Amino acid sequence: MTSPVRLALLGCGTVGSEVVRLLHTQAADLAARIGAPLEIAGIAVRRVGRDRGDLPVDPALFTTDPLGLIKRDDVDVVVEVVGGIEPARSWLVEALRAGKSVVTANKALLAEDGAALHDAAAEGGADLYYEASVAGAIPLLRPLRESLHGDRINRVTGIVNGTTNFILSAMDATGAGFAEALDEATELGYAEADPTADVEGFDAAAKAAILASLAFHTRVTAADVHREGITEVTVADMASAKAMGCTIKLLCIAARGTDAAGGETVSVRVHPAMIPLTHPLASVGDAFNAVFVEAEAAGQLMFYGRGAGGAPTASAVLGDVVAVARNRLAGAYAASESAYADLSVRPMGEALTRYHISLDVVDRPGVLQAVAGVFARHDVSIATVRQGPAGGGPAGRGEDADLVIVTHVAPDAALAATVGELRGLDIVRSVASVLRVEGGA
Ligand code: NDP
Ligand code: HSE
C-alpha cells in the first residue's frame, strides 16, 4: 500500500478526542477509501498531562509545541480543533504557506479573517476544508461549495445555533422565560458556562458569514453581519407568536438584493424572528440545526441534523480529512473559496423585513387612525390589524386595548423608525412586543 498520509492534530478536547476515536475505529475503512492509511504524527494540546480517559492513542504523541509539530517534514495535513483567532491563525497560515493541507472547525477564525487563510492556501497550493465550522455534522458547506456551483443561490435561511434553538424550543413548549430555559440548557450541557457567544448571536453570526461567503461568491466577515441575540425574547413575545400560529427562532438569513442604483447586493443578518408553524424550520426543535437553501434551478433544499457535539462534529472533520488526503495522493488541491462576485454587503437598515408589533393603547375614538398615520408617514404598509380588549379580557369599551399590527415588507430602518415614533405617542401606553416576521406569516 502507498505510504501513509500523516496528520498533525491541533487540539484534543470535545471534538479532537472524537477525531482520534474515529481515526482509530475506522482505520481500515478510511485507508481503503483513501488508498493510503492515515497516521497521527502528533497531537498538540495545552496540557500534556491532562487525563484523557481511555483515548486509543500513544501518549508519546502529545506535545505543547503546535508550531514545531506543523513544521515537521513528515506532516502532510494539519487538523485544527483548538478554536479562537490567535494563535490558530498563525499556525494555519504557516501550514498552508508550506503547502500542507488544513482541515479546521474554527468558525470564529474563518468569519473574522477567512481571507488570511484563503490567501495562504492559494499561495501554498494547499487544501483548506472547513465543513465542521458550520452546523456540525450536517453536510452543508460542500454542497454550497461544490454541488450547487452550477446554480445560483438566492437565499439561505438557517437555524445554526443549537443552544439558542434548545432555549427557544423550551420557551415555546413550556411557557418558560429566557432565564429559566437557559438554566435548563446549562444543566443538560447544551449551554457553556459562559453562554454569551450563543445567546447574543455571535456564534450564529460567524456561521452566517461563512455561509454567505460561499453562497454568494463574496467575502463576508462577521463584522458585516447584523447580529441580535435572544436575551430580549420574552414570554409575551412567544405568546404573541403563538396567537399568530407561529413560533420564534433565532434565524441566520443571507439574501441577494438590489441597491437604489439597481446593483446587486447581499444582506446578512442574525436575529430572532417569528415564523409560521407551517415553515419547514418551525419544526426544528431541541438543539438541532437546519438550513433552508433557495436556488434558482434546484428550488428549495433543506439540510437538517446535529449542529454540535464531539462525535457529530468529528464526522464532518473526518469527511474533510478523507477529501484532502485523496487530493494529496492525486497531487491536486481544490480552490478554497470563490469570491469573484464581490457583491457589496447592504446595511441592516436597507434589508427588507416585516414587523409584528403589539401595542397597549388607550381605547378611544381616533386612536387607530393616529397609529395608522405613523405607519403611513414612514411609508410602511400595514398587512393586518387586530384589536381586542387589554390583556385579552372581555370585549367592550374599556380604558385600554391591545393592538396587534403586522406590516408588509419594508426597509428595516423605516420599520424601526415607525416603532420609535409609536413609543413616543401619548395614546400608546406601551409597546408590548416587536418581532420581525419571516416566511409568510
Ligand atoms: P475544547 O475546548 O473542548 O478543546 C480545545 C482543545 O485545544 C483542547 O485539547 C486544548 O488542550 C487545546 N488547546 C487550547 N489552547 C491551546 C494552545 N494554545 N495550544 C495547543 N492546544 C491548545 O474545544 P472543542 O473541541 O469544543 O472545539 C474545538 C473547535 O471546534 C472550535 O473551533 C469550535 O468552535 C469548533 N466546534 C466545536 C463544536 C462542538 O460541539 N464542541 C461544534 C462545531 C465546531 P487541553 O486538552 O490540554 O486543554
Ligand atoms: N455553541 C454552538 C451551538 C456549538 O450551540 O450550536 C456548535 O457550533
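Modeller: To begin with a helix pair, α13 and α14 cross in a right-handed manner; a crossing is right-handed if the near helix is turned clockwise from the far one by less than a right angle, and left-handed if anticlockwise. This is a predicted model, in which local features need pLDDT of at least 70 and side-chain atom pairs count only at pLDDT 80 or more, while totals for chains, interfaces and linings use all residues. Residues are numbered from 1 along each chain as its sequence is written, chains are lettered from A and ligands numbered from 1 in the order in which they are written, and side-chain values use heavy atoms, with hydrogens and water left out.

Biologist: At what angle do α13 and α14 cross, and within what distance do the axes come?

Modeller: The angle is roughly 150°, and the axes of α13 (residues 367-377) and α14 (residues 412-424) come within 9 Å. Axes are lines fitted to C-alpha atoms, for helices over the stretch in contact, and angles run from 0 to 180 degrees between N-to-C directions. Helices are DSSP runs (H or I, at least four residues), as are strands (E, at least two), numbered from the N terminus.

Biologist: Which residues meet there?

Modeller: From α13, V371, V374, F375 and R377 meet T418, E421 and L422 of α14, where contact means heavy atoms within 4.5 Å. By class, this contact has four nonpolar, one polar and two charged residues. Ala, Val, Leu, Ile, Met, Phe, Trp, Tyr, Cys and Pro count as nonpolar, Asp, Glu, Lys and Arg as charged, and the others, Gly among them, as polar.

Biologist: And α1 with α12: what is the angle there?

Modeller: Helix α1 (residues 14-25) packs against helix α12 (residues 310-330) at about 65°, with the axes 8 Å apart. That crossing is right-handed. Among the residues of α1 in the contact are V15, L22 and L23, and α12 contributes residues including A311, V317 and L318. The contact divides into eight nonpolar, four polar and one charged residue.

Biologist: Turning to the ligands, which residues come nearest to ligand 1?

Modeller: Of the 23 residues around ligand 1, the nearest are C12, R47, R50, R52 and G309; a residue is near a molecule or strand if one of its heavy atoms lies within 4 Å of it.

Biologist: One more topic: which side chain does D400 contact?

Modeller: The side chain of D400, in strand β16 (residues 400-407), makes a polar contact with the side chain of R429 at 2.6 Å. A polar contact is a pair of N or O atoms within 3.5 Å; within protein, one must be able to donate a hydrogen and the other to accept it, and residues adjacent in sequence count only if both atoms are side-chain atoms.

Biologist: Where is the cis peptide bond?

Modeller: The bond from E86 to P87 is cis, with omega near 10°. P87 lies in the loop between β4 (77-80) and α4 (88-97). Most peptide bonds are trans.
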